[in-house]
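Dear colleague,

I am passing on the structure below, together with some notes on what was found in it. Please read them beside the coordinates.

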Amino acid sequence: MKTAYRKKLDRAATLIREVFSDMETDESADFDAFGSRLDDLAGEIEDILLEDEDKVEDDDKDYEVE
């Protein structure tokens, strides 16, 4: 995955976590409706980034320098 995509996804996960935290702190009525979904969404984005990171590491192992 392009580095630019990874940075944007990382930023998105961070922003979603911030919204989740703000809603929880403010004891917003929206937290009950959307809090768990926001937390799950941020987790899914982070999982995508971890999977891509693992893929990049696996690709790097295929190259040997002599």
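Does Asp 39 count as buried, partly exposed or exposed? At 29% relative accessibility, Asp 39 counts as partly exposed, where buried means under 20% relative accessible area, exposed over 50% and partly exposed in between, with a 1.4 Å probe and protein chains only.

Please bear in mind that this is a predicted model, in which local features need pLDDT of at least 70 and side-chain atom pairs count only at pLDDT 80 or more, while totals for chains, interfaces and linings use all residues. Residues are numbered from 1 along each chain as its sequence is written, and side-chain values use heavy atoms, with hydrogens and water left out.

The secondary structure comes to two helices and zero strands, these being DSSP runs numbered from the N terminus (H or I of at least four residues for helices, E of at least two for strands). Buried residues make up 17% of the 66 residues in the protein. Of the contacts (heavy atoms within 4.5 Å) between residues at least 6 apart in sequence, 59% join residues at least 24 apart. The protein exposes about 5,500 Å², of which carbon and sulfur atoms supply 49%, with accessible areas taken from the Shrake-Rupley method with a 1.4 Å probe and, for residues, only the protein chains shown counting as cover.

The count of salt bridges comes to four, each being a side-chain nitrogen of Lys or Arg within 4 Å of a carboxyl oxygen of Asp or Glu. One of them joins the side chains of Arg 6 and Asp 52 at 3.1 Å, N to O; because Arg 6 lies in helix 1 (residues 3-25) and Asp 52 in helix 2, this pair ties together parts that are 46 residues apart in sequence. Asp 52 is buried, with a relative accessible area of 8%, whereas Arg 6 is partly exposed at 24%. Arg 6 also forms a salt bridge with Glu 53, the closest N and O atoms being 3.8 Å apart, and this pair likewise runs from helix 1 to helix 2, so that it ties together parts 47 residues apart in sequence.

Asp 39, with which these notes began, meets Arg 17 in a salt bridge (2.3 Å, N to O); Arg 17 lies in helix 1 and Asp 39 in helix 2, so the pair ties together parts that are 22 residues apart in sequence. Salt bridges that share partners join Arg 6, Asp 52 and Glu 53 into one network.
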